Amino acid sequence: MKIKVTDSPARLSQVATDVLAVAVAEGKLFTPRGSVLDRSLGGLLSRVLRKEEIKGKVGETRLVDTPSCPILLVGIGDPKKFDSEVARKIAARVVRTGDRLKACHVTIEDLPIPSKMTPEQLGKNLAEGAVLGQYAFHKYKSEKNPTRTVETLILHSSRKAGVAKGVQTGIIVAQATNLARDLINTPATDMTPRRMAEEARRIGRLPRLSVKIYDRRQIQRMGMGCYLAVASGSVEPPYFVHLVYRPAGKPRKKIALVGKGVTFDSGGLSLKTAQSMETMKDDMSGAAAMLGVMQALSVLRPPVEVHGISAITENMPSGSADKPGDIATSMNGKTVEILNTDAEGRLTLADALAYAQKQKPDLMIDVATLTGACVIALGELCSAIMGNHEKLIQTVIACGLEAGEKIWELPLIEEYKDDLKSPIADLKNIGGRWGGCINGGLFLQEFVNPKVPWAHIDIAGPSWTEKELDYSPRGGTGFGVRTLLNFLLSL
Ligand code: BES
Ligand code: ZN
Ligand code: ZN
């Protein structure tokens, strides 16, 4: 889909589009242009509104036929609450409705820009909503992409330059998210560690990026025993990925992003139930988000150096698999008693975080589908954040809010660390009965130098959706890409 930004033509008859979307808030037309159109239609739109055929709740729509082109009234809710997320939702709704109507060109009439939003932000959010809203995963359907018809979205705007600039960013961000979604949605037998590494290699060839990929022998040489223990049960070899984005000038900061990359989590010998395994191809969502971010950086080019790191592997049961009771030694020398092979994410991350630290970053953020307990605590729409640096945590939460991604802080409660003690190793990989999400964070903290600001985001809930959301179909959501890009663009 292409997105164009133009002035509103003086007359409705001059608008060349298959559908023209006009915003409605609290039963009234939300844009000054709406009233002009209404008058030229002899009050047709206000008659529809008077009959209360549409009240104006966010995303509510009503199609009105006119002699020129169909007008789609779209609710934007309370105008005081018109924010980035509402902009995304309505753009997605307009494009999806356009697809349903088999329209080729759809137009959104000039929207008043709230005082808290710049024209650039409005353009970015509308573009994100449109491109994310049109996403569908059709790779495995015999009928190719039957539902996408909208080719052009036209944004009418009196602030063309700003809006158009934002649109460019929004498209890049949304495409990065859709890349993450494709990687997650692809079945695990196809999206193997090797395939993920190939994707990293492709991204590493983009301008301003470079990539290093380590195979099993090199992983052994680096002493990543915890990671290797997880990989030992699989016939698919593990690959450790290290991408680097370098800005043109001297970087303002060096950031390490670490993503959990378990391409399939069967639980290993601590086997999951059939039902909880159904969606475990999504256990590489953290790595997918990292790859999406790195791809976007090549174009968005913020003045910071970014290291994208992932210890990619499957977690499978077999004769060569790691066994409950095994002890593995991580790259930083700590020994871990593996009592549950299903708590594998933290083992791969332990080595990935230890490696990330060697790059001497100013700060580190890891993103991981780490615990089912996180989904119990915060539900399917919200991720958890923990870390050793309150300012970093609050900044990431704020970037998430702007991105439409919910993040809630959980405390790393010192006392719970006792439960991670092992009588025969430095640590065990599971904690006490309760607070599983926090226990995961506490385990990772053991592999982080307290002097390096670090945040851990557990995305086990929102990385995947069973229900269709406003701008995501069932499947991988690409959660994290937008928050992380907002964060990197804010430094
Ligand atoms: N990949 C899972 C976590 C998960 C669960 C992600 C549900 C998405 C949805 C992780 O590797 C896991 O299995 N964690 C265990 C940890 C436990 C054994 C300490 C869990 O949450 O049960
Ligand atoms: Zn697991
Ligand atoms: Zn897992």
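The structure is a predicted model. In it, helix H13 (residues 390-403) packs against helix H15 (residues 481-489) at an angle of about 120°, and their axes lie 8 Å apart. Because of that angle, H13 is oblique to H15, and the crossing of the two helices is right-handed. On the H13 side the contact is made by Leu392, Thr395, Val396, Cys399, Gly400, Glu402 and Ala403, while H15 contributes Arg482, Thr483, Asn486 and Phe487. Sorted by class, this contact of H13 with H15 has five nonpolar, four polar and two charged residues.

Thr483, which is found in helix H15, is buried, since its relative accessible area is 2% and the cut-off for burial is under 20%. Apart from its neighbours within four places in sequence, Thr483 is in contact with Val396, Cys399, Gly400, Ala403, Glu405 and Ile407.

| Core | Size | Residues named |
|---|---|---|
| Largest nonpolar core | 54 residues | Leu257, Met294 and Ile365, those with the most contacts inside it |
| Second, separate core | 45 residues | Cys226, Phe240, Val258 and Leu444 among them |

To the largest nonpolar core, which has 54 residues, helix H10 (residues 285-300) gives the most, with ten residues. Met294, one of the residues with the most contacts inside this core, is in contact with Ile203, Leu209, Leu243, Val244, Tyr245, Val306 and Gly308, when its neighbours within four places in sequence are left aside. In soluble globular proteins, nonpolar side chains tend to be buried together.

Terms used. Residues are numbered from 1 along each chain as its sequence is written. Chains are lettered from A and ligands numbered from 1 in the order in which they are written. This is a predicted model: local features need pLDDT of at least 70, side-chain atom pairs count only at pLDDT 80 or more; totals for chains, interfaces and linings use all residues. Side-chain values use heavy atoms; hydrogens and water are left out. Axes are lines fitted to C-alpha atoms, for helices over the stretch in contact, and angles run from 0 to 180 degrees between N-to-C directions. Helices (H or I, at least four residues) and strands (E, at least two) are DSSP runs, numbered from the N terminus. Angles under 35 degrees count as roughly parallel, over 145 as roughly antiparallel, 65 to 115 as roughly perpendicular and the rest as oblique. A crossing is left-handed if the near helix is turned anticlockwise from the far one by less than a right angle, and right-handed if clockwise. Contact means heavy atoms within 4.5 Å. Ala, Val, Leu, Ile, Met, Phe, Trp, Tyr, Cys and Pro count as nonpolar, Asp, Glu, Lys and Arg as charged, and the others, Gly among them, as polar. A nonpolar core is a set of buried Ala, Val, Leu, Ile, Met, Phe, Trp, Tyr and Cys residues joined through side-chain atoms within 4.5 Å. Buried means under 20% relative accessible area, exposed over 50%, partly exposed in between (1.4 Å probe, protein chains only).
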